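Please keep the sequence and the model in view while reading.

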Amino acid sequence: MQPPICFLCDKDFRHSEGEGGLIYFALTEKDKEWHNKQREKGFVGHPPEAAWFCGDHYPEAKKLGSLTRPEAMKKLREIFSL
Ligand SMILES: [Zn+2]
């Protein structure tokens, strides 16, 4: 699993207790392949559909949890003008 660094603004909040969180987005076809491979081979890694968000960006990101990660990131960049 990756350390808690915001996927949107790169803020490192691993020392800020209670801030932000990990969001699991909908799976893209590529993500599904990753999970199938993971099941077969048993490796551990950061799931491609999951991303950390800092306290500033977590609430909006959470609303977009039904989208895939690329779709959600596009929307979040629009919302926050990044
Ligand atoms: Zn952020």
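## Threonine 68 and its surroundings

Leaving out neighbours within four places in sequence, threonine 68 is in contact (heavy atoms within 4.5 Å) with Phe25, Ala26, Leu27 and Thr28. Threonine 68 belongs to the loop between helix 2 and helix 3, where helices (H or I, at least four residues) and strands (E, at least two) are DSSP runs numbered from the N terminus. With a relative accessible area of 14%, threonine 68 is buried, given that buried means under 20% relative accessible area, exposed over 50% and partly exposed in between (1.4 Å probe, protein chains only).

## Basis of the model

This is a predicted model, in which local features need pLDDT of at least 70 and side-chain atom pairs count only at pLDDT 80 or more, whereas totals for chains, interfaces and linings use all residues. Residues are numbered from 1 along each chain as its sequence is written, and side-chain values use heavy atoms, with hydrogens and water left out.

## Overall fold

The chain contains three helices and two strands, which follow one another along the sequence in the pattern β-α-β-α-α. Its C-alpha trace spans about 35 × 30 × 15 Å along the principal axes, and 33% of its 82 residues are buried. Among the contacts in the chain with a separation of 6 or more, 59% are between residues 24 or more positions apart.

Strand 1 (residues 21-24) and strand 2 run antiparallel and are joined by four bridges; two strands pair if DSSP finds at least two bridges between them. Within this pair, tyrosine 24 stands opposite alanine 50 of strand 2.

Although proline 48 and aspartate 31 are 17 residues apart in sequence, their C-alpha atoms are 5.9 Å apart in space. Not counting residues up to four places away in sequence, proline 48 touches Asp31, Trp34, His35 and Arg69.

## Helix 3

Arg69, Ala72, Met73 and Leu76 are the buried residues of helix 3 (residues 69-79). They cover an arc of only 100 degrees around the axis, and therefore lie on the same side of helix 3; the arc is that of the directions from the helix axis to the C-beta atoms. Strand 2 (50-53) and helix 2 (58-63) are included in what covers these buried residues.

The face turned away from the buried side of helix 3 carries Pro70, Lys74 and Glu78, which are exposed. Just after helix 3, serine 81 takes a positive phi of about 50 degrees.

## The zinc site

Cys6 (SG), Cys9 (SG), Cys54 (SG) and His57 (ND1) coordinate the zinc ion at 2.1 to 2.4 Å, and these donors follow the spacing C-x2-C-x44-C-x2-H along the chain. Donors are N, O and S atoms within 2.8 Å of the metal (3.2 Å for Na, K and Ca), and since water is not among the atoms, sites may look incomplete.

Because the four donor atoms subtend angles of 103 to 115 degrees around the zinc ion, the arrangement is tetrahedral, a term that requires all angles of four donors to lie between 85 and 135 degrees. The ideal angle for four tetrahedral donors is 109.5 degrees. Cysteine 54 counts as buried at 0% relative accessibility, and histidine 57 counts as buried at 8%.

Methods: Four donors count as tetrahedral if all angles lie between 85 and 135 degrees; four count as square planar and six as octahedral if opposite donors are over 155 degrees apart and all others between 65 and 115; anything else is irregular.
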